[in-house]
Structures are given as C-alpha cells and as structure tokens.
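User: I would like to go through the labels given to this protein and ask what each one rests on. Please show the structure before we start.

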Amino acid sequence: MHPLTTFCYFSVALLFLPLSAQSAGEPTSEKFAYKDASPQRYKLSARASKLDSRTKEYPKIGFVFGDDKKPQDLQNAIVDTSVA
C-alpha cells in the first residue's frame, strides 16, 4: 500500500478513535462529555496536499493532485454528534 494512502487511513482512524474507545463498566456518555450546541451529521472534506505539505504526486501510479476544479486528493470523514 502506498505510504500516503496509509497516512490518510491512519488520520481518519484517529478521528474516530475517541468514538470507539470504551473502558469496561464506564458508559460512553460519562467518558466523553462533549456537548454540541446543534447536534448534526458533519461531513468533512480536505485535500491531502493542503493538510500535509510533504505530500507528493506520483504520476507513474496515477496519484496526482488534480486542480481546484477537479481535485484528485480529497480526504473525507463523517461525524454524527446527534448519535450517542
């Protein structure tokens, strides 16, 4: 697997780690006391080339950034704060 792909998967996994981590006998609602003023489903999107300046294009394997009209390096995440 390409190192940038691995980095992107790892970054998304870190985003959801607090949502899946649970200690035995400790309810999630007590462990994470974050209050969202307007609970909703958030869709996050960012370009890998903007998140990490070390990213590089690799045209030989088809990994290119694209342009502003048609970006090829988008990373996506969804977080729903309305769900316990």
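This is a predicted model: local features need pLDDT of at least 70, side-chain atom pairs count only at pLDDT 80 or more; totals for chains, interfaces and linings use all residues.

User: Where is confidence lowest, and where is it highest?

Analyst: Helix H2, residues 28-31, has the lowest confidence, with a mean of 58. The highest is in E1, at 91.

User: Which elements make up the protein, and how do they run?

Analyst: There are three helices and two strands. From the N terminus the order is α-α-β-α-β.

User: What share of the residues counts as buried, and how much area does the protein expose?

Analyst: Of the 84 residues, 14% count as buried. The protein exposes about 7000 Å², and carbon and sulfur atoms supply 58% of that.

User: Why is arginine 47 called buried?

Analyst: Its relative accessibility is 14%. Buried means under 20%, so the label applies to arginine 47. The residue sits in strand E1, which spans residues 41-47.

User: What is arginine 47 in contact with, beyond its sequence neighbours?

Analyst: Leaving aside residues within four places in sequence, arginine 47 is in contact with Phe65, Gly66, Asp67, Asp68, Pro71, Asp73 and Leu74.

User: What makes the pair of arginine 47 and aspartate 73 a salt bridge?

Analyst: Their side chains meet at 2.8 Å, N to O. The cut-off is 4 Å between an Arg or Lys nitrogen and an Asp or Glu carboxyl oxygen, so this pair qualifies.

User: Why can this pair be said to tie parts of the chain together?

Analyst: Arginine 47 lies in strand E1, while aspartate 73 lies in the loop between helix H3 (48-51) and strand E2 (74-80). The two parts are 26 residues apart in sequence, so the pair ties them together. Both arginine 47 and aspartate 73 are buried.

User: How many salt bridges does a search of the whole structure find?

Analyst: Two. Aspartate 52 and arginine 54 also meet in a salt bridge, at 2.9 Å, N to O.

User: Are aspartate 52 and arginine 54 buried or exposed?

Analyst: Aspartate 52 has a relative accessible area of 11%. That falls under 20%, so aspartate 52 is buried. Arginine 54 has 63%. That is over 50%, so arginine 54 is exposed.

User: Why is leucine 44 called partly exposed?

Analyst: Leucine 44, in strand E1, has 41% relative accessibility. Buried is under 20% and exposed is over 50%; 41% lies in between, so leucine 44 counts as partly exposed.

User: What separates leucine 44 from asparagine 76?

Analyst: Their C-alpha atoms are separated by 5.6 Å, and the residues are 32 apart along the chain. For the protein's contacts with a separation of 6 or more, residues 24 or more positions apart account for 61%.

User: How do you know that aspartate 36 has no salt bridge?

Analyst: The nearest side chain of opposite charge, lysine 35, is 11 Å away. The cut-off is 4 Å, so no salt bridge is assigned to aspartate 36. Aspartate 36 is buried and is found in the loop between H2 and E1.

User: What makes the link between aspartate 36 and threonine 81 a polar contact?

Analyst: The side chains are joined at 2.6 Å. Not counting residues up to four places away in sequence, aspartate 36 touches Tyr42 and Thr81.

Technical notes:
Residues are numbered from 1 along each chain as its sequence is written. Side-chain values use heavy atoms; hydrogens and water are left out. Helices (H or I, at least four residues) and strands (E, at least two) are DSSP runs, numbered from the N terminus. Buried means under 20% relative accessible area, exposed over 50%, partly exposed in between (1.4 Å probe, protein chains only). Contact means heavy atoms within 4.5 Å. Accessible areas come from the Shrake-Rupley method with a 1.4 Å probe; for residues, only the protein chains shown count as cover. pLDDT is the predictor's confidence in each residue, from 0 to 100. Lys and Arg count as positive and Asp and Glu as negative; His and the chain ends are not counted. A polar contact is a pair of N or O atoms within 3.5 Å; within protein, one must be able to donate a hydrogen and the other to accept it, and residues adjacent in sequence count only if both atoms are side-chain atoms.
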